[in-house]
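Please open the structure in a viewer and keep the sequence at hand.

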Amino acid sequence: MGDGRWRTAGSALMRVVVVWAVSTLTMLALAGILPDFQLQSDDGDSITKIAFTAAWGAGAFGLLSALVWPVLVRALLIVPALVLGMLVFFLNGSLLLVALRLIPDGRGAANPETAVVVAAVMSAVASATSTALAVRDDNAYRRRLSRLADRRRRRRSGADSGRSGPPGTVFIQLDGVGHDVLARAAESRLMPTVANWLADEERHRLTPWRTDWSSQTGASQLGILHGSNHDVPAFRWYEKETGDIMVSSRPASAIELQRRAIARTRDGGLLTLDGASRGNLFSGGADQLALVLSMAARLGKGRRSRAGYFAYFSDPANAVRTALSFVAEVCREIGQSTRARIRKDTPRIKRGGLYPFIRAFATVVERDVVVAAVIGDMFAGRTAVYADLVAYDEVAHHSGPHSRDAEKVLARLDRSLALIVKVAEHTPRTYRIVLLSDHGQSPGETFAGAYGLTLKNLVRAGCGLPVPRRAQRTRSGSEARDAVRIALHRPVEEGEVEHRAKPSDPVVLASGNLGLISFPDIEGRASREQLDRSRPALLGTLANHPGIGFLLVRSERHGSVVLGRGGTEVPVSELKDGEGPLAPFGPGAAAAVRRTDTFPHVADIMVNSMHDGATGCVHAFEEQIGSHGGLGGEQSRPFLLWPADLSAPVAEGTELVGAEQVHEVLRRWLRECSGPQIPLAPPGAVGGAEEAGGTVRTAG
């Protein structure tokens, strides 16, 4: 035992010495390259003296980084998260200037701009060296993970170092990755971790599930985490009684949707038992939060949610590595979009402005922070963790779901998954890892690109209102874009207000290839008869347009009806899959439309774009060449991948349908692992359960 400890200590000391030596050599090299960085007096010094000065400066910088950096990051939690990431270089440069001042006789000097460069290079080199040493010494890596796990476990319960107790569950959501996309990526070994799982059906199993009509994260994740997505007709919709536009990725809307779901189910959510919610739109009742959008609407919990950044950026090497990766991703996007323009790829949308930075935030910053938070949860031994990785969804919107750009993101996500699997070998309790998605994506030219006008302008033309001569773009909305606004402390409401020249003008909103049209001047849900009297050309204009698949509208005589081309009209009660206007949209379309028709806030006119069954293409009503939100193609076919020792999601021969049913499956799996979850709060105490994050206990 004693010899082992001495070997461990000696190995750790040797790694410190090696990193110090490499940092010293790096500082010497930079002093020789950069004219404004010196490590000698003005009169000159011997090589030995310069080397001693470099060693002193490197040691002081490393010590300051280890001791001062975590304190600085914690003090700066009030700073917007994305700004904190950008401050990494400035803070590191400041620490280097302090380190240089600590060198005896004042031999070290650098101007502030050069100090930022030197600090960034030294941090990156030190991080790479530490990583290389850890990779070469697998035993040391395992011992370090085990020590971290033991320390966490003793801090929580004082238990011994053995892995005991029921297993925990980690749910990893790959946002926007459809079942077929995942299967192809595994088959081609683009995602080797997933491929290895699928190669052995005795260990893991894969199944598709079918979304509701609203195939988007707001509806799916609300249903998965809180058990109800009732009255969520789309990603964004208009509520006549208040005049508000609800947007799933806006904090004020997200917390209201969460409140409504809890009131309907009288349950805190999936994660109420020792749970953690990471990178999600909703909390799921978890007490441990990081980057949860619904909590950003509250100062106290929003601050605690952003504290997830601290766990990652408190390590200066992590901070510098993520900052450098962020810059590299921006350059990668600029290069990829430039090549797409040169090749004249079609379909193609504009990817300039702030988009390269939004993409980098989703594919680098958010991914790194969420994965680090999940690893921390596993070391802490939490019972249930649900994390959302949005990288693929963001890139697929702009590059296409089957593009090479999106495939590269899948490969990087697989590496993150492999890291989580590796960490699970060293955690204080065993973990079952469940992989799932909330929806897929369907490719296709935008509606405006294909037909030269937006849905809004088509509606205005059908209403006899003036239409701009020049086609206007419909802004693309995504979780990543709004997450960046939250990280910058900017109000998400910007750009989400529908500007109308007159109060009677229609409100036209887009959610992928699903459009919602509301008429504020008509009280309640407008009927077909009212619209035919006030706007006689509108319904015919929409239903007969080649880019539109079908409409849903209320009728005073027949109840709600679905309208298609050529005057086709089918009452909702008589809808059948594979027939009439819903024929191209596959199984489950009729049931999905009927369910949405019952929602209190269903739009006056619901518009679903066309769907080409041969190519799987749809037309998004916003600027996206990979879209989701309505019916048609792969967007409605996400996946569920689970360890085979858990029970089957549904009986053989039946289909898993709807996010609410997925919630029941995941809740059943948690019971199988940890026992039944019983809320401590009485069923009527909805607010209290939600405020407390849904405190529960295990019965038995």
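Select Ser-636 to begin: this residue is buried, with a relative accessible area of 11% (buried means under 20%, exposed over 50% and partly exposed in between, with a 1.4 Å probe and protein chains only). Ser-636 sits in the loop between strand S20 (626-627) and strand S21 (639-643); helices (H or I, at least four residues) and strands (E, at least two) are DSSP runs numbered from the N terminus. Contact means heavy atoms within 4.5 Å. Apart from neighbours within four places in sequence, Ser-636 touches Trp-209, Arg-210, Thr-211, Ser-215, Gly-630 and Leu-631 in this sense.

This is a predicted model, in which local features need pLDDT of at least 70 and side-chain atom pairs count only at pLDDT 80 or more, while totals for chains, interfaces and linings use all residues. Residues are numbered from 1 along each chain as its sequence is written, and side-chain values use heavy atoms, with hydrogens and water left out.

Next, select Phe-550 and Phe-585. Their ring centres are 5.2 Å apart and their planes stand at 85°, so the pair is edge-to-face. Rings of Phe, Tyr and Trp (its six-membered ring) pair if their centres lie within 6.5 Å; planes under 30 degrees apart count as stacked, over 60 as edge-to-face and the rest as tilted. Phe-550 belongs to strand S14 (residues 548-555) and Phe-585 to the loop between strand S16 (569-571) and helix H22 (589-597), so the pair ties together parts 35 residues apart in sequence. Both Phe-550 and Phe-585 are buried.

Move on to the loop between helix H13 (316-343) and helix H14 (355-380), where Pro-347 is found. The peptide bond from Thr-346 to Pro-347 is cis, with omega near -5°. Lys-344 lies in the loop between H13 and H14 and has a positive phi of about 60° although it is not a glycine. Lys-344 is exposed, with a relative accessible area of 65%.

Finally, select Asp-274, in the loop between helix H10 (251-265) and strand S7 (275-278). Asp-274 has a positive phi of about 50°, although it is not a glycine.
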